[in-house]
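Thanks for coming. I have one structure to show, so please look at the screen.

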Amino acid sequence: MALPEAPASVKIVSLPMTSANASAAKSDLGVGMNDEPLVLQPTADRPLLLGLLVDVSGSMIKSLIASPDGSQQTRIDSVRESLNGLVERAIVYCTAPSSADILPKLGIFAYGFGFGNPWSFLSGWSGPPVVDLLDLPGRRSSTLGVGELAGDWSAVQEYDRTLMRHMGGVTPMFKALTLARDRIAQERAARAWTDQPVLFVLSDGMPTDAEPAEILRLVDEIKASGVLVMTCLLAEEGLADRRRMYAEAEPHWPPAARLMFHCASPLGEDMPIADQLSQEFGWAVVPDARAFAIIDSSKSLAAFLASTLSRLKPTAGPAPNGQPEPKAGPGPSAEPATGGHQTPAVVIYGDVRNLQTGSHATHQEHAGLDVEGLGRLIRFLTSGVPQTELEPAQALEVLRHTKAIEGEIQQPEPDRHKIRAWLKKLGSILGKATQDSIAVAMNAAVQKTISGL
């Protein structure tokens, strides 16, 4: 099952993000064949479609990976934690700037491949080797929006726990890719999405149901339909430089690493994924790099998975009063660029740009409130949510109360009693997360603010 270094049959389709190159890409993509530019920015009418293919074979259950606290955890547990962070980050990115409503700008489907270990077969289980991880009872569709994920995440986790005893089989990657190809085609036929869905493939070994050349031909077909394919190999420490994107396969890489590298789509220099990985997480992204990473730690996995949402990140825009909007910070960080503890980076969601203007100075005199301090608290809470270990439903409640405070301090006469009530609700939620250092810090800031009101 040796992988050819440069398969002649593989045509790599590059999907540049620049409008100048969009026309040239249309014929290769098979989408947007008229003169209209490609639609790449997700909206409520045309959300981003994200597909996840997760290896749950035996090595994923048994092999270990470095966790953020320096200990070791199984690779599948690391994946679970990273997916939890992905959902929380999606909630933050899709929350409306002026309210706590979640905008339907993202749809996610997910398959696990590698079900069917000897014990499950002995117990009478006859399920397929590839299982839909979001196929909840009572749902018409297992492609879930952010709001559905926030509300049903506990049910998703419980469903996946019931599947745990059937994980640990072989690695049917070809079957998983086939299902993903067909699923993307079905989703596109059913409704409008952005012109470039993202397919994230995570594994730690070679496929067992196809030769590498067959995998490459299938992935080539998927990319030719306009899909950005991101691949991730979980590997032993020291196989590759941590936090780096590669433009060429290294000679010492094992066949699994070379296969996953050749499956990945090329990244343009101005792609949001490359920008987020380099600017927010401190990754080295060389020219002509591919959307591929070799991962040996949970922090790196969380960062690479988070980059699938890069097109959803809030961007600076003109303010309603005609003044320029302050540029948002680098965003909630899944992986500090340097060692040691770091204060969560700040993202400004909503209209808090005028906290230091004369109009808000009047509010401060009027209500006796430290509006500027409340604004800093709002930004700290909003940016900290994706770094906590809160359940998505709890994270959503934190965002809703934070948004309510943000809206109130912009009123001509802010109501101190309402603000105090919302702060107490925040403290009630955050105070329960006593083992979560970020939530504890957030709660301390809330309690300090309450005592100052």
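I will go through a helix pair, a contact within the pair, and then one serine.

This is a predicted model, with local features needing pLDDT of at least 70, side-chain atom pairs counting only at pLDDT 80 or more, and totals for chains, interfaces and linings using all residues. Residues are numbered from 1 along each chain as its sequence is written, and side-chain values use heavy atoms, with hydrogens and water left out.

The pair is H6, residues 173–190, and H7; their axes come within 10 Å and cross at roughly 15°. That makes H6 roughly parallel to H7 (angles under 35 degrees). Helices here are DSSP runs of H or I, at least four residues, numbered from the N terminus. Axes are lines fitted to C-alpha atoms over the stretch in contact, with angles from 0 to 180 degrees between N-to-C directions.

On the H6 side, Met173, Phe174, Leu177, Thr178 and Arg181 meet Glu214, Ile215, Leu218, Val219, Glu221 and Ile222 of H7; contact means heavy atoms within 4.5 Å.

Now Glu221, in H7, residues 212–224. Its side chain makes a polar contact with the side chain of Arg181, at 3.4 Å (a pair of N or O atoms within 3.5 Å, one able to donate a hydrogen and the other to accept it). Glu221 counts as partly exposed because its relative accessibility is 41% (between 20% and 50%, 1.4 Å probe, protein chains only).

Last, Ser298 lies in H10, residues 298–306. At 5% relative accessibility, Ser298 counts as buried (under 20%).

Notes:
Helices (H or I, at least four residues) and strands (E, at least two) are DSSP runs, numbered from the N terminus. Angles under 35 degrees count as roughly parallel, over 145 as roughly antiparallel, 65 to 115 as roughly perpendicular and the rest as oblique.
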